[in-house]
Amino acid sequence: MGLLVDVRDVSKVYNPGENEVRALDHVTVSIEEGEYVAIIGQSGSGKSTLMNILGCLDVPTEGEYFLHGNNVMELDDDELSDIRNKEIGFIFQGFNLIANLTALENVELPLIYRGVKKAKREELAELALEKVGLGNRMDHKPSEMSGGQQQRVAIARAIAQAPPVILADEPTGNLDTHSTQDVMEILERLHEEGHTVILITHNNEIASRADRLIQIRDGCIESDVGRRKGEEVESDTVSTQGEDLEGDATSREYENEGEGTRDDEE
Ligand code: ADP
Ligand code: MG
């Protein structure tokens with residue numbers, strides 16, 4: 001197992017100057033290949049900012065980030081897009097499916113951008129949809145599916161090319177309990193199959209299913225508890241255990257993921 005994510009003293013400042021927001025404040029964290037990590041924190045604590053940096057959707061203001069040994073700060077836009085496509089499958093709270101495309105076409109879309117030929121594309125998309133239990137819904141459009149099914153399509157889209165890393169930002173935030181279970185089971189299965197799963201959530205119950213819990217507050221890592229593969233847990237208590245961390249469910253969550261955070265735009 002090698003080092004996958006190596007974040008060194010990273011800060012992210014939005015709107016530098018008078019109204020600046022220090023969304024991340026000297027964060028250092030590393031994640032090994034094959035880990036199942038939850039990043040938990042209140043709304044506004046910097047989770048999505050961290051996810052955007054981990055996923056090479058944004059770059060730090062200060063500090064260094066190495067993904068699989070690549071110094072992300074030294075890559076140009078094309079190289080960043082390349083590393084995203086190869087390494088990472090993104091899952092967002094809002095599904096981000098294209099309304100007038102079928103499930104199959106939605107899953108195929110990023111493969112088109114990656115230059116995968118039609119026959120191979122269909123094969124990969126079908127396999128991915130079968131994997132998330134939607135083999136019988138391939139011709140359905142998003143409006144003909146439940147939220148849980150739509151999120152499973154989004155997962156299929158994320159995993160179609162078997163990226164080593166799954167980055168999921170509040171993947172169950174818009175789902176009912178039943179669909180939440182389905183999605184969590186799929187993520188757990190992906191982890192068992194060898195994917196590195198990084199799950200971002202404000203919900204402690206969801207987060208506690210991961211092997212390792214990183215708690216973020218006001219842009220800083222407050223605690224990092226759990227085991228790497230093969231290690232025993234020494235302590236699995238965090239100060240907020242049992243609470244739902246979502247203080248104010250604002251529309252900000254939706255605003256943040258709207259622009260610039262889609263991997264199917266390229
Ligand atoms: P979380 O995902 O934990 O809710 P975010 O990473 O979205 O937190 O936000 C962290 C802080 O950065 C918040 O104060 C938020 O308002 C601010 N922020 C996030 N994105 C932007 C942006 N594009 N421009 C300015 N401020 C932002
Ligand atoms: Mg967020």
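**Close-up 1. Arg152 and the residues it touches.** Not counting residues up to four places away in sequence, Arg152 touches Val132, Gly133, Leu134, Asp182 and Ile186; two residues are in contact if their C-beta atoms, placed from the backbone, lie within 7 Å. This is a predicted model, so local features need pLDDT of at least 70 and side-chain atom pairs count only at pLDDT 80 or more, while totals for chains, interfaces and linings use all residues. Residues are numbered from 1 along each chain as its sequence is written, and chains are lettered from A and ligands numbered from 1 in the order in which they are written. Buried or exposed, what is Arg152? Arg152 counts as buried, because it has 25 C-beta neighbours inside 10 Å (buried takes 20 or more other C-beta atoms within 10 Å, exposed 12 or fewer, and partly exposed lies in between). Leu134 sits 18 residues from Arg152 along the chain, and their C-alpha atoms are separated by 7.7 Å.

**Close-up 2. Helix 5 beside helix 6.** Arg152 is found in helix 5, which covers residues 147–159, while helix 6 covers residues 177–192. (Helices are DSSP runs of H or I with at least four residues, strands are E runs of at least two, and both are numbered from the N terminus.) The two axes come within 9 Å and cross at roughly 15°; they are lines fitted to C-alpha atoms over the stretch in contact, with angles from 0 to 180 degrees between N-to-C directions. Helix 5 and helix 6 are therefore roughly parallel to each other (that label takes an angle under 35 degrees). On the helix 5 side, the contact includes Arg152, Ile155 and Ile159, and on the helix 6 side it includes Asp182, Val183 and Ile186.

**Close-up 3. Helix 1, under cover.** Helix 1 (residues 47–54) is mostly covered, with eight of its eight residues buried. Among them are Lys47, Met51 and Leu54. Just after helix 1, Cys56 takes a positive phi of about 60°.

Close-up 4. Strand 4 (residues 62–67) pairs with strand 5 in the antiparallel sense over two bridges; strands pair if DSSP finds at least two bridges between them. Which residue in strand 5 is the bridge partner of Leu67? That is Asn70.

How values were computed:
Parallel < 35°, antiparallel > 145°, perpendicular 65-115°, else oblique.
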